Amino acid sequence: MARSFPLNFRLPVKKTLAFSGLAVAVLGLAACAAPPPPATPYDPFESTNRSIHAFNLALDRNLVRPAAKGYGFLLPAPVRQGVSNVASNLDLPADMANGALQGNPKRVVQNGFRFLINSTIGVLGLFDPATPIGVPQDKTDFGETLHVWGVGEGPYVELPAFGPSTMRDAVGTAVDFALNPASVALQPPESTYATGFKIASKLGDRDRYSATVDSVLYDSADSYAQARLLYLQNRHFELGQTAESASGGDDFIDPYEE
Amino acid sequence: MANLDFTRRGFGAALIAGAAGVALAGPAMALDLASARALINKAIGEVNTVINSGKSESAMFGDFERIFVRYADVSAIARSALGPAARSASASEMAAFTKAYQGYISRKYGRRFREFIGGKIEVVDAKPLKSYFEVISVAHLQGEAPFDLRWHVSNKSGRDLFFNIIIEGVNMLASEREEIGAMLKKRNGNLKALIGDLNAA
């Protein structure tokens with residue numbers, strides 16, 4: 001790597017403009033607070049989603065799962081950890097950008113400080129000295145930014161290859177994908193390396209959580225419904241929509257009052 | 001990358017929490033932070049003893065089932081998991097289902113317990129919630145970012161027993177209800193067939 005690639009990112013002007021244009025458009029449409037998620041999944045595209053789920057299962061069974069097994073078998077754990085560290089370090093500029101768009105300075109500063117430490121002392125993100133000194137990643141995404149701007153989650157969707165999502169979060173994923181500052185700033189061959197690290201990191205996750213993922217995907221009576229439930233409940237939790245003191249959400253079942 | 005996106009967050013490491021689930025209840029005592037913490041530490045120690053006992057996996061399942069029965073309100077969990085079908089079931093059918101279900105769930109969650117080795121769960125808060133208590137804990141597993149683990153505890157059965165676990169927002173009872181409902185549907189609503197298959201699973 002000839003250039004100091006993770007530090008040398010810069011949003012090209014055109015994309016930045018497209019980005020802010022989108023932001024204004026969304027802000028114009030959105031209300032102030034996102035509506036609370038429905039108690040039962042809003043899934044009007046269920047039959048299409050189920051077809052995509054079947055496709056995803058086949059993709060996992062025939063390609064992703066074997067590749068993840070091979071990856072886990074071939075590379076020693078410290079190497080896999082390093083790959084995972086590099087990949088998450090490359091996400092930090094996007095976390096900062098989303099933090100800024102969310103009006104969340106703590107998120108910007110924490111992820112920025114972390115990026116600075118891990119890109120330098122951590123050797124281009126290979127190591128993670130930031131976490132032990134109390135600067136963990138504060139992960140976010142453009143779907144959360146849309147949530148902060150008041151956009152409701154919309155229908156549940158399962159995306160080919162990407163898996164469970166909602167309409168809002170699918171838009172978020174697309175924006176994060178297209179405008180990730182790290183990818184936008186990098187040129188080949190570094191951009192190819194970055195993509196490689198991200199894919200390898202995903203394989204590492206698939207391998208690491210293999211027992212749990214396999215049981216959901218292959219041992220469930222209805223893996224589509226299980227995946228939907230797990231995704232939506234966890235997503236609501238991430239976005240602070242579990243309403244821990246409020247009277248509802250999908251988290252509270254009282255078996256004594258049924 | 002099929003379905004990778006959700007794997008990382010919520011339920012990676014998730015069901016391991018079942019191990020700690022056995023933690024909560026035990027003897028009736030005030031559910032203040034200190035006593036809840038003590039109970040959890042004690043029960044985690046108990047589960048760890050089983051995990052590190054060197055017993056065969058099938059022998060461990062029996063141990064886990066005993067711990068589960070002792071600390072969880074198994075009949076309330078089973079009834080909730082069965083959902084609407086529980087209302088039309090006879091008492092003897094419910095008894096058979098509950099028995100089958102407790103074995104099934106001990107095996108299902110027990111298979112994950114080895115991921116829990118070296119882990120640590122600490123209670124950080126406890127508060128009343130609606131008609132029951134929520135105990136909030138943080139799970140630290142090796143090489144994982146700490147995650148949020150909540151226990152819903154009730155004394156409606158006459159003793160303090162836990163009846164639900166929430167792992168980073170993912171609700172065990174809701175997940176079980178979805179799964180058992182789907183299993184029952186696959187068997188055309190035949191509860192007897194479901195009980196037989198749970199016993200075999």
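Which residue is the bridge partner of W151(B) in β4(B)? Keep that in mind while selecting parts of this predicted model.

**Stop 1: strands β3 and β4 of chain B**

Select residues 147-154 of chain B, which form strand β3. β3(B) and β4(B) run antiparallel and are joined by six bridges. Now pick out W151(B): its bridge partner in β4(B) is I165(B).

Next, follow the chain between these strands. The hairpin of β3(B) and β4(B) has six residues between the strands, and G158(B) takes a positive phi near 105 degrees there.

**Stop 2**

**Stop 2: on to β5(B)**

Select residues 170-171 of chain B, strand β5. Two bridges join β5(B) to β4(B), and this pair also runs antiparallel. Here I167(B) stands opposite V170(B). The hairpin of β4(B) and β5(B) has two residues between the strands; in it, E168(B) takes a positive phi near 45 degrees.

**Stop 3: T166 in chain A**

Move to chain A and select T166(A), which lies in strand β2, residues 163-166. Is T166(A) buried or exposed? With a relative accessible area of 1%, T166(A) is buried, because buried means under 20%.

Show the side chain of T166(A): it reaches the backbone oxygen of E153(A) at 3.4 Å. Beyond its neighbours within four places in sequence, T166(A) has contacts that include P155(A), Y156(A), V157(A), Y231(A) and L232(A). E153(A) is also one of these contacts.

Conventions. Residues numbered from 1 in each chain as written. Chains lettered and ligands numbered in written order. Predicted model: local features only at pLDDT ≥ 70, side-chain atom pairs only at ≥ 80, totals over all residues. Heavy atoms only, no water. Helix = DSSP H or I, 4+ residues; strand = E, 2+ residues; numbered from the N terminus. Buried < 20%, exposed > 50% of the residue type's maximum accessible area, 1.4 Å probe, protein only. Polar contact = N/O pair within 3.5 Å; in protein donor to acceptor, adjacent residues only side chain to side chain. Contact = heavy atoms within 4.5 Å. Pairing = 2+ DSSP bridges.
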